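Biologist: I'm new to this one. Could you put it on screen and let me ask a few things?

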Amino acid sequence: MGGATMPGGGAPAGGGMSDPNKTRVMPGMGPEMGGGMGGETIPNTGAYTASEPVNMGGMPPMSASKTMIFDDTPGSGMGGGEVRSSRKLVGWLVSYTLNDMGVDFKLFEGRNVIGRDLDCQISVNDNTVSGKHCVLLYREGSYFIQDSLSTSGTRVNGSDTGVNAVTLSDGDVIQVGKTVFKFRTSF
(Lines give C-alpha, C1' and ligand atoms only; values in the text may rest on other atoms or scores of the structure.)
Protein backbone atom coordinates (compact mmCIF):
# COMPACT_ATOMS: atom_id res chain seq x y z
CA MET A 1 0.00 0.00 0.00
CA GLY A 2 1.69 3.20 -1.09
CA GLY A 3 1.56 6.66 0.40
CA ALA A 4 -1.02 9.19 -0.72
CA THR A 5 -1.00 12.95 -0.88
CA MET A 6 -4.21 14.74 -0.07
CA PRO A 7 -5.47 17.58 -2.28
CA GLY A 8 -3.68 20.80 -1.54
CA GLY A 9 -0.18 19.37 -1.64
CA GLY A 10 2.06 17.88 0.98
CA ALA A 11 4.66 15.18 0.96
CA PRO A 12 3.71 11.57 0.36
CA ALA A 13 3.17 9.69 3.62
CA GLY A 14 5.83 7.15 2.73
CA GLY A 15 8.48 9.89 2.69
CA GLY A 16 10.62 10.89 5.63
CA MET A 17 9.26 14.45 5.70
CA SER A 18 7.16 15.47 8.70
CA ASP A 19 4.85 18.47 8.40
CA PRO A 20 3.49 19.81 11.74
CA ASN A 21 0.41 21.11 9.88
CA LYS A 22 -0.56 17.63 8.66
CA THR A 23 -1.90 14.52 10.34
CA ARG A 24 -0.16 11.31 9.47
CA VAL A 25 -2.42 8.26 9.49
CA MET A 26 -0.67 4.92 9.71
CA PRO A 27 -2.86 1.85 9.15
CA GLY A 28 -2.23 -1.16 11.39
CA MET A 29 -0.33 -4.27 10.37
CA GLY A 30 -3.42 -6.50 10.20
CA PRO A 31 -4.63 -8.17 7.03
CA GLU A 32 -7.65 -5.84 6.92
CA MET A 33 -5.21 -3.08 6.00
CA GLY A 34 -3.24 -5.10 3.49
CA GLY A 35 -0.43 -5.75 5.96
CA GLY A 36 1.51 -2.73 4.69
CA MET A 37 3.03 0.21 6.53
CA GLY A 38 1.87 2.86 4.06
CA GLY A 39 -0.24 5.77 5.13
CA GLU A 40 -1.78 8.99 4.00
CA THR A 41 -1.28 12.62 4.93
CA ILE A 42 -4.35 14.71 5.73
CA PRO A 43 -4.78 18.27 7.05
CA ASN A 44 -4.16 18.61 10.80
CA THR A 45 -7.31 19.04 12.88
CA GLY A 46 -5.60 19.28 16.27
CA ALA A 47 -4.94 15.55 16.67
CA TYR A 48 -2.25 13.34 15.23
CA THR A 49 -1.30 9.71 15.30
CA ALA A 50 2.22 9.01 16.50
CA SER A 51 4.13 6.67 14.24
CA GLU A 52 6.87 5.74 16.72
CA PRO A 53 6.32 4.06 20.10
CA VAL A 54 7.40 6.21 23.04
CA ASN A 55 6.99 6.14 26.78
CA MET A 56 7.48 9.58 28.28
CA GLY A 57 6.41 10.55 31.77
CA GLY A 58 4.46 7.39 32.34
CA MET A 59 2.44 7.78 29.18
CA PRO A 60 1.50 4.38 27.73
CA PRO A 61 3.43 3.45 24.61
CA MET A 62 1.81 4.80 21.47
CA SER A 63 0.89 2.61 18.57
CA ALA A 64 -0.10 3.25 14.99
CA SER A 65 -3.61 2.02 15.77
CA LYS A 66 -4.27 4.73 18.40
CA THR A 67 -4.78 8.44 18.05
CA MET A 68 -3.31 10.58 20.82
CA ILE A 69 -4.54 14.16 21.16
CA PHE A 70 -2.03 16.83 22.17
CA ASP A 71 -2.31 20.57 22.68
CA ASP A 72 0.89 22.59 22.51
CA THR A 73 -0.95 25.92 22.65
CA PRO A 74 0.82 28.30 25.07
CA GLY A 75 -1.16 28.72 28.29
CA SER A 76 -3.31 25.64 27.69
CA GLY A 77 -1.62 23.71 30.47
CA MET A 78 -1.28 20.84 28.02
CA GLY A 79 2.04 21.72 26.39
CA GLY A 80 5.02 19.45 26.19
CA GLY A 81 3.12 16.60 24.56
CA GLU A 82 0.75 15.75 27.39
CA VAL A 83 -2.29 13.66 26.56
CA ARG A 84 -5.59 15.54 26.81
CA SER A 85 -8.29 13.73 28.80
CA SER A 86 -11.97 14.48 29.25
CA ARG A 87 -11.90 13.04 32.78
CA LYS A 88 -10.82 14.87 35.92
CA LEU A 89 -7.32 14.15 37.29
CA VAL A 90 -7.73 12.56 40.74
CA GLY A 91 -4.33 11.09 41.62
CA TRP A 92 -1.06 9.46 40.59
CA LEU A 93 0.84 6.23 40.81
CA VAL A 94 4.62 6.58 41.11
CA SER A 95 7.03 3.69 40.50
CA TYR A 96 10.78 3.36 40.86
CA THR A 97 10.79 -0.33 39.90
CA LEU A 98 10.05 0.39 36.22
CA ASN A 99 12.77 3.05 35.98
CA ASP A 100 15.39 4.10 38.56
CA MET A 101 14.62 7.76 37.80
CA GLY A 102 10.93 7.20 38.55
CA VAL A 103 7.82 6.99 36.40
CA ASP A 104 4.47 8.56 37.23
CA PHE A 105 1.04 7.63 35.93
CA LYS A 106 -1.96 9.96 36.10
CA LEU A 107 -5.21 8.60 37.53
CA PHE A 108 -8.52 9.94 36.28
CA GLU A 109 -12.04 9.73 37.69
CA GLY A 110 -13.77 6.46 36.88
CA ARG A 111 -11.92 3.29 35.90
CA ASN A 112 -8.15 3.10 35.43
CA VAL A 113 -7.08 -0.34 34.17
CA ILE A 114 -3.56 -1.42 35.13
CA GLY A 115 -1.87 -4.14 33.07
CA ARG A 116 0.63 -5.13 30.44
CA ASP A 117 -1.71 -4.59 27.46
CA LEU A 118 -1.16 -1.38 25.49
CA ASP A 119 -4.85 -0.46 25.72
CA CYS A 120 -4.68 -0.21 29.53
CA GLN A 121 -4.75 3.32 30.97
CA ILE A 122 -1.66 2.33 32.98
CA SER A 123 0.42 0.05 30.76
CA VAL A 124 3.49 -1.46 32.43
CA ASN A 125 6.32 -3.38 30.83
CA ASP A 126 6.54 -6.23 33.36
CA ASN A 127 6.13 -9.85 32.21
CA THR A 128 4.80 -10.82 35.68
CA VAL A 129 1.80 -8.49 35.18
CA SER A 130 -1.32 -9.84 33.46
CA GLY A 131 -2.73 -8.17 30.35
CA LYS A 132 -5.50 -6.50 32.34
CA HIS A 133 -4.21 -7.05 35.86
CA CYS A 134 -6.45 -4.87 38.07
CA VAL A 135 -8.75 -1.86 38.10
CA LEU A 136 -8.21 1.29 40.17
CA LEU A 137 -11.51 3.16 40.51
CA TYR A 138 -12.30 6.67 41.73
CA ARG A 139 -15.98 7.18 42.50
CA GLU A 140 -17.74 9.76 44.71
CA GLY A 141 -14.59 10.83 46.54
CA SER A 142 -13.27 7.32 47.26
CA TYR A 143 -10.51 5.23 45.66
CA PHE A 144 -10.76 1.46 45.24
CA ILE A 145 -8.58 -1.22 43.67
CA GLN A 146 -9.72 -4.67 42.58
CA ASP A 147 -7.72 -7.53 41.09
CA SER A 148 -9.04 -8.75 37.71
CA LEU A 149 -8.32 -12.44 38.39
CA SER A 150 -4.66 -11.89 37.49
CA THR A 151 -2.12 -14.69 37.70
CA SER A 152 0.06 -13.14 40.43
CA GLY A 153 -2.57 -11.11 42.32
CA THR A 154 -2.60 -7.52 43.55
CA ARG A 155 -1.12 -6.44 46.89
CA VAL A 156 -1.84 -3.30 48.93
CA ASN A 157 0.60 -2.49 51.75
CA GLY A 158 1.91 -6.07 51.56
CA SER A 159 -1.50 -7.81 51.82
CA ASP A 160 -3.10 -9.73 48.95
CA THR A 161 -6.40 -8.12 47.97
CA GLY A 162 -7.94 -11.39 46.74
CA VAL A 163 -10.85 -10.71 44.39
CA ASN A 164 -12.50 -8.10 46.61
CA ALA A 165 -12.32 -4.34 46.09
CA VAL A 166 -10.04 -2.64 48.61
CA THR A 167 -10.32 1.02 49.63
CA LEU A 168 -7.12 2.99 49.02
CA SER A 169 -5.68 5.84 51.08
CA ASP A 170 -3.05 8.40 50.15
CA GLY A 171 0.42 6.86 50.51
CA ASP A 172 -0.62 3.21 50.08
CA VAL A 173 1.84 0.90 48.34
CA ILE A 174 0.39 -1.17 45.49
CA GLN A 175 2.20 -4.15 43.95
CA VAL A 176 1.25 -5.82 40.67
CA GLY A 177 3.66 -8.55 39.58
CA LYS A 178 7.15 -7.22 40.35
CA THR A 179 6.07 -3.59 39.86
CA VAL A 180 5.56 -1.45 42.98
CA PHE A 181 3.61 1.83 42.95
CA LYS A 182 3.11 4.53 45.57
CA PHE A 183 -0.48 5.80 45.43
CA ARG A 184 -1.01 9.57 45.77
CA THR A 185 -4.31 11.43 45.75
CA SER A 186 -4.86 14.88 44.30
CA PHE A 187 -7.14 16.04 47.12
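What follows is a short chat about sheets and cysteines.

Modeller: Before you start, this is a predicted model, where local features need pLDDT of at least 70, side-chain atom pairs count only at pLDDT 80 or more, and totals for chains, interfaces and linings use all residues. Residues are numbered from 1 along each chain as its sequence is written, and side-chain values use heavy atoms, with hydrogens and water left out.

Biologist: In what order do the five strands of the mixed sheet run?

Modeller: Strands here are DSSP runs of E, at least two residues, numbered from the N terminus, and two of them pair if DSSP finds at least two bridges between them. Strand 7 (122-123) and strand 12 (166-168) each pair on one side only, so they are the edges. The sheet is open, and its order is 7-6-8-9-12.

Biologist: Which residue in strand 9 is the bridge partner of L136?

Modeller: Strand 8 (residues 134-139) and strand 9 (residues 142-147) pair in the antiparallel sense over six bridges. In strand 9, L136 is bridged to I145.

Biologist: And which residue in strand 14 is the bridge partner of W92?

Modeller: That takes us to the open antiparallel sheet ordered 5-4-14-13-10-11. There, strand 4 (residues 89-95) pairs with strand 14 (residues 179-185) over four bridges. W92 has as its partner R184.

Biologist: How many disulfides does the structure hold?

Modeller: A disulfide needs two cysteine sulfur atoms within 2.5 Å. The closest cysteine sulfur to that of C120 is in C134, 9.0 Å away, which is too far for a bond. The disulfide count is zero.
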